[in-house]
Amino acid sequence: MKHIGKLILIALILVSSCKEQQTQPTKVSISKETLENAQPIEKTEPPHWWTGFKNQELQLLIKHPNVGDTETVEIFSDQVELKQTHKADSPNYLFLDLEIAENAQPEEFNIVFTLADGTEFIESYELKPREKKADEYIGFNSSDAIYLITPDRFANANPSNDSFDYLNETGIDRSDNYARHGGDIEGITNHLDYIKDLGFTAIWPCPLLTNDMPSSSYHGYAITDYYQVDPRFGTLHEYQTLGEELRKRGMKLVMDQVANHCGLGHWWMQDLPFKDWVNFQDNYLQNQSQWDNSKVITSNHVRTANQDIYASNTDKKLMSDGWFVSGMPDLNQRNPFMAKYLIQNSIWWIETLGLGGIRQDTYPYPDKDFMSAWAGAIMTEYPNFNIVGEEWSTNPLLIAYWQEGHDNHDGYKSNLPSTMDFAMQEQLVSGLKNPETWGTGLKEIYVALANDFSYANPQRIMAFPDNHDMSRIFTQLEGDITNTKMALSYLATIPRIFQMYYGTEILMDDFEKPGDHGLIRTDFPGGWEGDAVNAFTGENLEASKKDMQEFIKKLVNFRKSSEAIHTGKTMHFGPEDNTYLLARYNEDETVVHILNKNEEPFDLELDRFKELGLDGKTLKNVFTGETVTWTENLTLDKKGSYLFTTKL
Ligand code: CA
């Protein structure tokens with residue numbers, strides 16, 4: 001739809017040799033000649049926008065050969081004002097600062113760029129209506145259990161999208177753990193009922209945007225187009241359908257985003273807008289013709305440099321500006337155009353997919369002031385949303401630093417609501433494996449939770465047994481099913497958001513080569529036509545794996561129904577006699593979780609737990625359905641986790 005022949009108010013700006021100039025509104029109509037002859041702009045990002053945001057500003061990245069030579073920019077809309085244009089270092093970019101009127105109506109309007117020689121380019125830009133109000137975007141919280149998926153490895157619903165000749169990495173090879181296997185978005189959508197039956201209320205698929213890289217592109221973290229769904233995963237429409245199908249089931253879609261780095265194959269790496277678009281860019285440009293990995297300046301991965309009062313500037317700079325790995329250029333978020341680009345990109349996806357949260361990759365690696373601004377911009381626009389940042393640290397001090405509300409020594413104000421509990425993950429595994437001594441075993445787990453005093457909001461931290469970058473929990477616990485169940489039930493009960501990686505429910509492992517990323521991300525059986533085992537239906541699935549599925553189903557569905565777990569108070573008692581008791585409670589319910597390491601039947605004396613006020617009460621064992629009366633003793637018949645509720 002074009003506004004042919006319509007007389008409208010436009011904002012006209014003359015682009016002079018200086019980089020920025022103020023707006024000069026005037027009234028003209030777009031000529032028929034322009035509409036017929038102007039070349040369409042090659043790329044505009046964001047590709048469209050919406051009306052009705054709190055922040056009425058929008059910055060467009062315009063990419064077109066020589067668009068930087070534009071003399072005038074005309075906006076054919078009475079609702080959109082051009083505030084400024086900015087030339088880039090490359091002649092093939094122009095950035096436009098627009099302001100959208102407060103009560104603007106959805107519309108499509110033209111932007112015309114005129115060069116000195118009279119050449120005209122045109123962009124037809126759309127402002128869409130927003131589908132729901134900003135405060136209706138409810139982010140995941142402690143009532144949620146999130147199922148993490150590596151999309152390439154979950155289910156292949158559509159073999160016709162497995163490979164595209166125009167992309168750098170072609171073909172699929174399921175025998176190669178680092179090749180594409182063909183899993184796709186539709187494969188996830190088709191199995192949402194399976195995930196829901198397990199009790200999960202949200203999914204977090206690893207990034208689904210295009211990774212046009214020469215190899216190992218399946219994992220998704222080397223994004224080469226921030227506005228495009230990787231065609232091997234499906235279409236934008238399929239991604240949107242995934243979001244809709246989740247919402248129909250009362251579930252949330254969490255998008256995995258990456259602000260720190262892109263993939264080396266990103267389209268802008270061929271023609272960078274600014275001299276400082278990525279960090280250590282000179283080094284890249286010098287070696288661009290024949291890429292040499294040894295010339296890349298990579299991060300020192302000294303994540304403590306963000307907080308360390310003794311850290312050298314050298315270490316700090318290398319930490320945040322070094323490339324994550326040689327194939328992933330480090331984005332310079334101190335460049336204000338890059339900063340706006342990333343913030344708008346996140347908002348674009350929240351609106352486009354109706355997101356129920358964002359998981360932000362490698363949180364301590366980008367410029368930390370930018371991360372605060374990024375999270376702040378999103379949380380201001382969507383007050384009930386949620387974002388979890390990946391700080392892979394087992395040190396609670398570092399985890400605490402990044403969470404909103406923490407009183408930081410350097411005055412850093414984070415706007416990030418949720419962080420990840422790598423500390424608990426490590427202590428839990430260690431505590432389950434280690435013998436019971438005065439300081440090891442269950443005591444390690446107890447002490448790990450006791451660290452919650454240092455967090456601004458423990459309940460908004462995400463706990464997990466493992467993830468897509470870690471050895472599988474079953475492998476970490478050396479193939480011990482009981483220990484695996486103990487780990488899972490503890491994590492599902494403590495005051496946290498609970499996250500579990502796909503396949504944990506069927507004891508997926510990486511024993512063959514522990515920690516190997518390709519192996520961790522093994523295909524989910526039944527996701528491919530002809531699979532001998534189908535874990536979705538249970539066909540040919542081993543008894544021990546079926547048993548684990550049932551365990552997860554009971555555990556996570558119970559968690560889903562228990563407000564005491566979602567929002568209740570917490571009390572735990574120091575481990576004694578190889579047992580550790582933790583309770584979650586509110587006015588209506590008390591949930592009691594016991595980790596018991598006694599192999600033989602053991603009578604747990606309950607006198608020590610009087611504070612819980614359970615004397616004489618009847619409790620139900622969540623896993624067996626049996627009831628017990630809370631009197632003098634509780635018999636624990638074997639090693640394992642015990643989960644009781646006063647809600648019968
Ligand atoms: Ca496929």
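Is Thr437 buried, partly exposed or exposed? Thr437 is partly exposed, because its relative accessible area is 40%. Here buried means under 20% relative accessible area, exposed means over 50%, and partly exposed lies in between (1.4 Å probe, protein chains only). The model is predicted: local features need pLDDT of at least 70, side-chain atom pairs count only at pLDDT 80 or more, and totals for chains, interfaces and linings use all residues. Residues are numbered from 1 along each chain as its sequence is written, and side-chain values use heavy atoms, with hydrogens and water left out.

Thr437 sits in the loop that links helix 10 (422-433) to helix 11 (442-450). Helices (H or I, at least four residues) and strands (E, at least two) are DSSP runs, numbered from the N terminus. Leu619 is 182 residues from Thr437 along the chain, and 31 Å separates their C-alpha atoms.

Five strands build an open sheet, ordered 14-13-12-20-19, with parallel pairing. Strand 14 (252-253) and strand 19 (462-463) are at the edges; each has a single partner strand, so one side of each has no neighbour in the sheet. Two strands pair if DSSP finds at least two bridges between them. Strand 12 (residues 145-149) and strand 20 (residues 497-501) run parallel and are joined by four bridges. Within strand 20, Phe498 is the bridge partner of Ala145.

Now turn to strand 22 (residues 579-585). Six of its seven residues are buried. Strand 22 pairs with strand 21 (residues 569-576) in the antiparallel sense, over six bridges. Arg584 in strand 22 is the bridge partner of Thr570. The hairpin of strand 21 and strand 22 has two residues between the strands, and Asp577 there takes a positive phi near 50 degrees.

Strand 22 also pairs with strand 23 (residues 590-596), again antiparallel, over seven bridges. Leu595 in strand 23 is the bridge partner of Tyr580.

With Asp603, Glu605 and Glu632, Asp577 forms a negative surface patch. Patch residues have over 30% relative accessible area and no salt bridge; like charges are joined within 9 Å, and nonpolar side chains (Val, Leu, Ile, Met, Phe, Trp, Tyr) within 5 Å. A salt bridge is a side-chain nitrogen of Lys or Arg within 4 Å of a carboxyl oxygen of Asp or Glu. Glu632 lies in the loop between strand 26 (627-629) and strand 27 (633-636). Glu632 counts as exposed because its relative accessible area is 62%.

Terms used: Areas by Shrake-Rupley, 256 points an atom, 1.4 Å probe, with all protein chains shown as cover. Lys, Arg positive; Asp, Glu negative; His and termini not counted. Charge placed at Lys NZ, Arg CZ, Asp CG, Glu CD.
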